[in-house]
Amino acid sequence: MNLQSHARRQFLGNVVSGLAGIGLLDLLGSPAANRGFAADLGNESAGGQVLPHHAAKAKRVLQIFCPGAASHMDLWEHKPMLEKMNGQPMPGEENLVSFQGKNGNLMQSPWPFKPSGQSGKAISTMLPHMATHVDDIAFIHSMHSKTNTHGPGCIFMNTGHDSEGFPGAGSWVSYALGSENENLPAYVAIPDIRGEPPNGKANWSNGFLPAKYQAITLSDQLPIRNLARPESIDAATDQDTRQFLQRMNRRFAASNPAESELQARVDAYSLAARMQLSAPEVSGLESESGETHRLYGTGDSNELKAAYARNCLLARRLLERGVRYVNLYCASRASGVDGLLNWDAHKTLKADYERHCPVFDQPTAALLTDLKRTGLLDDTLVLWTTEFGRMPTHQEGTVGRDHNPDGFTCWMMGAGVKGGVSYGATDEFGRRAEQNPTTVWDFYATVLHLLGYDHEKLTWYHNGLDRRLTDVHGNLIKAIVA
Amino acid sequence: MNQSLLWCFVSLALVLGNAFPTLAVDFENDVAPILAEHCLRCHRPGNAKGDLSLETDQQLRDSEFVIGGDADSSHLVSLITAAEGETPEMPAEGKPLSSQQVKLIRDWVNEGASWPDGFRLQQRTKADADWWAFQPLRVDPDTSLDELIDRRLGETDLSRNPTADRHQLIRRVTFDLIGLPPTPEEIDAFVNDPAPDAYEHLIDRLLASPHYGERWGRHWLDVIRFGESNGFERNVLINNLWPFRDYVIRSLNEDKPFNQLIREHLAGDVLEPNEPDVVIGSAFLVAGPYDDVGNQDAVQAAQIRANTIDEMIRSSSEAFLGLTIGCARCHDHKFDPIKQDDYYSLYSTFAGTVHGDEVWATPSERQAHHDKSQPLHQQVASLEKQLRDLDDAIKQRESESANPITDQESKQRDEWKKQLDQVRQQLSQIPALPRAWLGRHDANRAKGPFHVFLGGSPQKPGEIVTTQSLVAMSTSDDQHEPSCASIAYSLSGDASESERRLAFANWVTDSQNPLTLRVLANRLWHYHFGTGIVATPSDFGYMGERPSHPELLDFLATQLRDHGWRIKPMHKLIMMSQTYRQSASFNADAAAMDADDRLLWRFPPQRLSAEAIRDSMLQLSGVWRRESILPRDDTSVSLQTESAVPSGGPGFRLYQFMQDNVCTYVPLDQHGPETYRRAVYHQNARASVVDLMTDFDQPDCAFGTPRRSETTTPLQALTMLNHSFTLDMSQAMATRLAKASDQVSDQVDLAYRGAFSRKPDDEERADCVSFIEQHGLAAFCRALLNASELIYVQ
């Protein structure tokens with residue numbers, strides 16, 4: 001996209017493309033300036049749609065998502081009171097009924113917490129590799145959600161809305177910033193080898209944003225769909241067919257020079273051809289050194305860990321090549337057995353997390369180390385998210401914890417984020433966000449701020465409203481911005 | 001900055017500008033808007049937090065919140081003021097008032113805090129009851145569609161293009177009405193038809209085609225967010241909602257009046273409970289997504305139920321009324337004259353509706369089933385009783401005798417057991433009555449009184465609401481006389497669930513309701529021209545676009561009303577116009593004035609929808625299967641009954657469906673012949689990406705989609721070039737061409753005519769022939785199916 005067209009859109013907004021006749025502007029007499037709108041059929045395959053509102057700290061985002069509601073008090077937020085009052089009723093909520101039913105007494109975390117780094121931040125000893133990064137992380141311990149159900153919770157965390165049909169943060173960022181690398185998609189979702197997260201593809205949906213802002217799903221185990229030339233067609237025929245097709249399409253475009261879509265379509269086929277070359281290259285993990293593979297643990301005997309490690313390495317390669325938004329999942333949807341495939345430890349917390357933490361810990365820490373040592377972290381924003389937290393009590397008759405939408409932890413790291421910071425807190429048991437309660441909208445207001453956008457100005461008209469990633473809420477979390 | 005803030009600042013700037021010359025504060029223009037915008041939502045009758053209502057000044061004065069002439073002692077002022085770097089106590093939600101706003105309020109208090117007698121503070125919306133869309137239809141009876149278009153063009157010194165040529169016309173109208181390309185035979189017949197009314201005949205033929213309903217039914221299914229899985233976490237496929245899809249297709253083919261169709265959507269089960277073909281219409285209410293995960297937390301469960309009803313409110317108000325009533329869930333609508341009471345009036349209307357399947361049969365089918373099964377049920381009951389009695393008798397004897405059962409009794413028992421098995425066997429062989437996803441209407445759930453939920457929370461019931469028509473369209477005041485005050489309704493608290501839905505259905509579809517007619521007329525225009533007269537077809541409120549041709553919209557709405565809400569005559573009216581028939585040729589001068597062609601100086605070229613692209617591929621390759629392909633051996637299809645739509649019945653799937661605790665949809669790499677049906681028969685699950693369909697902007701059906709995006713992406717190219725479906729279609733098309741002729745140049749001509757509705761020129765033909773000679777027909781067809789010209793219509 002050239003500067004001129006960018007400036008024009010900025011001036012007229014993206015509804016009004018060139019109405020110059022006197023008296024015509026009143027045709028569209030509604031407040032249309034700077035609104036995204038379905039009539040915007042912009043064909044720029046790469047450029048963003050919205051000029052930044054201020055200088056950006058981050059150019060791209062890595063969002064790691066641990067679905068199943070990863071327990072804040074067993075991973076990130078130390079609650080000494082749970083150790084003191086282990087086995088006693090939770091004061092004031094002795095008869096608590098939550099998602100799956102009745103709760104028992106308070107239950108301490110099965111693992112000790114240990115201070116690390118210069119900040120002395122204590123996290124679970126189940127995460128020894130992650131402990132090496134605490135000085136670079138800004139923990140937000142006071143997150144709370146609207147819903148206690150996984151599916152709506154996951155999409156709420158990803159789209160700012162707890163019902164389906166809204167664009168994921170990655171789609172918003174693609175819409176705002178466009179692609180940094182024309183030969184790769186702007187937004188990639190990397191599902192876990194165990195499957196999709198709760199609510200599946202709605203987590204990385206483009207919602208009502210045009211399809212060009214959709215996520216491409218890609219993982220080490222799952223190549224981009226339809227990327228490869230069909231086996232039944234040899235390379236020479238394929239090449240000639242594309243050239244023949246492009247001749248046909250160029251002729252049609254030339255005879256209709258005013259229809260910019262037709263030229264865009266010619267360009268899209270060229271871009272697809274370049275993607276066919278770039279995407280296999282980016283997935284070629286074998287070109288990485290043995291040291292890097294060992295760092296991530298890609299050859300680990302734990303197959304789940306090795307698979308996730310390979311996806312972590314893939315994430316770095318995507319970011320390195322200019323993908324704007326990478327959505328990396330560690331764990332999947334719910335299975336018939338709670339806590340088996342994801343972090344949903346209803347009944348057997350210890351056994352479940354002794355399965356999940358080793359999968360998560362080393363590869364994630366390696367990815368952060370790698371981002372640091374390659375300098376990528378300077379302009380990459382890293383997010384760690386889950387859909388909600390867990391109860392300080394055990395579920396009646398079990399040694400697990402039920403859903404807790406009222407308090408949980410997420411964190412940020414990297415470009416523009418203060419390190420070694422813990423913002424907000426739940427109460428002494430971990431039951432409710434108490435100090436600086438923070439919403440998903442606050443979280444994304446901050447993400448967009450770091451990317452150069454005012455979250456209230458990044459909008460798209462849909463069914464009666466100029467929709468935002470942050471709905472009608474959101475305040476910048478100043479305390480964690482460097 | 002969001003719109004409301006922007007407008008707040010704009011109005012503030014105006015306020016300041018007005019106030020400047022005298023330095024005196026004008027309460028009504030300066031202060032009241034601030035209080036209304038920032039305070040009133042939580043301090044008003046019905047939601048008087050801290051027992052304070054600002055509707056009048058009485059409580060403000062009584063409680064010394066405001067002491068005229070003394071701002072420093074007035075509590076209100078201290079609440080909205082804070083020390084540097086701190087946040088004032090009020091407003092409790094939202095941003096603090098600006099320093100100018102605080103100063104205005106201080107000055108107003110210091111100047112005596114005058115409050116005009118009888119002044120009631122009200123939240124102002126951008127659109128009032130005199131909003132254009134609510135007004136009666138205004139029509140010049142002597143006008144015509146073309147005249148209304150030409151008038152606007154003339155005002156800008158523009159004029160319409162000349163008529164398109166016949167090749168373009170038949171391609172345009174065929175795609176428009178049936179969503180398929182014209183066949184070479186159809187093209188020849190039309191192009192060579194000497195009759196003066198050849199074009200009219202063409203329109204009539206297409207309107208009578210059974211494929212018309214498949215094309216326009218799909219449009220309607222978009223509008224009403226029809227989808228066949230429940231969405232959310234479990235996202236389970238719904239296998240017996242397809243009769244609703246077939247009902248829509250059939251209704252369109254029959255040209256059922258749309259007021260009737262909409263009435264059936266809202267209350268078909270009430271209108272004709274014994275008529276399955278009408279009852280199925282009300283499946284509309286439960287055709288949206290809903291959360292069915294069991295939740296033991298009572299607060300969360302109540303919220304989920306409220307969300308489910310919210311989905312019905314939004315879907316119906318946007319689809320039928322073009323109003324975003326859903327925006328009034330937590331507070332009065334910010335832009336449109338829709339009160340929270342209006343929202344909860346609809347809440348009471350849909351409160352009894354529950355998702356699920358129900359028996360779907362005529363009374364005689366039910367009777368026949370009853371007649372067959374009832375005697376058998378009776379036999380079962382009596383055999384069971386006999387066995388029980390015998391067992392009881394034996395049990396009594398157990399204490400007395402070591403051998404309580406006689407041989408005869410033992411035999412008898414075996415005999416009865418055998419009989420019981422036989423009868424049960426007979427019972428199981430009676431086919432169950434068919435069940436369809438009709439939803440249930442539970443009168444008990446719908447018992448009032450219903451309350452406004454403050455802030456949208458079921459935990460905060462506010463005032464009791466009355467079930468009634470939209471207030472702004474029902475009451476008159478000094479300024480305006482609503483066009484449809486005469487059809488307003490207000491029901492008593494003990495009105496039944498079905499009465500409420502019926503009252504709403506009748507009000508929406510009354511010919512005196514200008515909104516429904518305008519919205520529907522605009523949708524027709526939107527699909528014919530690619531953009532509606534109102535470019536936001538489901539939003540006729542302030543945030544929507546204004547009509548480009550208000551008189552034309554009213555003209556069409558009136559025509560629709562006068563044609564008894566039938567839309568086939570409307571298609572004909574629109575398509576017979578010169579405006580529709582003009583060519584799509586570009587005109588740089590006109591574009592300089594009106595780049596978006598909103599004035600219609602040319603026919604706007606359009607890209608085909610995802611469905612039309614796939615359907616065209618099926619037609620060109622000759623593999624399209626027009627009959628229903630019932631997978632009789634597929635046990636996952638729970639409803640296997642004949643459909644009234646010959647090509648209908650259970651939908652096909654372009655994904656593999658996997659279900660454990662939740663469901664996963666994996667797109668298929670191979671599309672077998674069972675998928676060679678029109679895309680409208682695809683079982684569209686929510687949040688299930690399906691290659692071609694999604695790449696070409698088929699919307700996820702989480703919401704109604706009044707207008708689809710049209711994007712161009714490299715993913716489209718990858719799918720269209722490499723998915724095996726394209727290869728299969730290319731191969732089939734090649735076989736077909738080879739059968740038709742053994743001359744390569746003839747094959748090229750035939751392919752061009754089928755795909756592009758024209759013959760190739762010499763240069764094109766030569767290029768194609770040489771390519772085919774080198775790489776074969778299938779490779780040629782693969783390229784052709786990827787051609788831009790196939791998917792653009794001029």
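Predicted model: local features only at pLDDT ≥ 70, side-chain atom pairs only at ≥ 80, totals over all residues.
In strand 9 of chain A, A:Tyr329 is the bridge partner of A:Phe65. One step back along the pairing, A:Ile64 has A:Leu328 of strand 9 of chain A as its bridge partner. Both bridges belong to the pairing of strand 1 (residues 60-65) with strand 9 (residues 325-329) of chain A, which is parallel and runs over 5 bridges.

Strand 9 of chain A also pairs with strand 7 (residues 187-190) of chain A; these two run parallel and are joined by 4 bridges. Here A:Ala189 finds its bridge partner in A:Asn327 of strand 9 of chain A.

Which way do the side chains of strand 9 of chain A point? A:Tyr325, A:Asn327 and A:Tyr329 go one way, while A:Val326 and A:Leu328 go the other. With 5 of its 5 residues buried, strand 9 of chain A is largely enclosed by the rest of the structure.

Stepping back, the pairings sit in an open sheet of 8 strands in chain A, ordered 8-7-9-1-10-14-6-15, with mixed pairing. At the edges stand strand 8 (216-217) and strand 15 (421-423) of chain A; each has a single partner strand, so one side of each is left without a neighbour in the sheet.

Helix 10 (residues 349-373) of chain A touches strand 1, strand 9, strand 10 (380-385) and strand 14 (408-414) of chain A, and its direction makes about 170° with that of strand 1 of chain A. Helix 11 (residues 440-450) of chain A also packs on the sheet, touching strand 1, strand 6 (137-143), strand 9, strand 10 and strand 14 of chain A. The direction of helix 11 makes about 5° with that of strand 14 of chain A.

Charged side chains come next. How many salt bridges does the structure hold over all chains? The count is 78. One of them joins A:Arg431 to A:Glu93, with the closest N and O atoms 2.9 Å apart. This pair links distant parts of the chain, 338 residues apart: A:Arg431 sits in the loop between strand 16 (425-426) and strand 17 (433-435) of chain A, and A:Glu93 in the loop between helix 3 (80-84) and strand 2 (97-98) of chain A. A:Arg431 counts as buried, at 5% relative accessibility. Elsewhere in chain A, a network of salt bridges links a set of residues, including A:Glu281, A:Arg317, A:Asp370 and A:Arg373.

B:Arg218 and B:Glu611 meet in a salt bridge through their side chains (3.7 Å, N to O). B:Arg218 lies in helix 10 (residues 210-223) of chain B and B:Glu611 in helix 24 (residues 610-621) of chain B, 393 residues apart. Are these two buried or exposed? B:Arg218 is buried, with a relative accessible area of 8%, and B:Glu611 counts as buried at 5% relative accessibility.

Another salt bridge in chain B brings together the side chains of B:Arg397 and B:Glu409 (2.6 Å, N to O). B:Arg397 lies in helix 16 (residues 363-398) and B:Glu409 in helix 17 (residues 407-429) of chain B, so the pair ties together parts that are 12 residues apart in sequence. B:Arg397 is partly exposed, with a relative accessible area of 26%, whereas B:Glu409 is buried at 16%.

Helix 19 (residues 514-529) of chain B is worth a look as well. Because 16 of its 16 residues are buried, helix 19 of chain B is largely enclosed by the rest of the structure. At its start, a side-chain oxygen of B:Asn513 comes within 3.0 Å of the backbone nitrogen of B:Leu515. Just after helix 19 of chain B, B:Gly530 takes a positive phi of about 90°.

Finally, B:Gln716 is part of helix 26 (residues 714-722) of chain B. B:Gln716 is buried, with a relative accessible area of 2%. Leaving aside residues up to four places away in sequence, B:Gln716 touches A:Arg265 as well as B:Arg607, B:Asp695, B:Phe696, B:Asp697 and B:Thr711.

How values were computed: Residues numbered from 1 in each chain as written. Chains lettered and ligands numbered in written order. Heavy atoms only, no water. Pairing = 2+ DSSP bridges. Contact = heavy atoms within 4.5 Å. Axes fitted to C-alpha atoms, helices over the stretch in contact; angles between N-to-C directions. Buried < 20%, exposed > 50% of the residue type's maximum accessible area, 1.4 Å probe, protein only. Polar contact = N/O pair within 3.5 Å; in protein donor to acceptor, adjacent residues only side chain to side chain. Salt bridge = Lys/Arg side-chain N within 4 Å of Asp/Glu carboxyl O.
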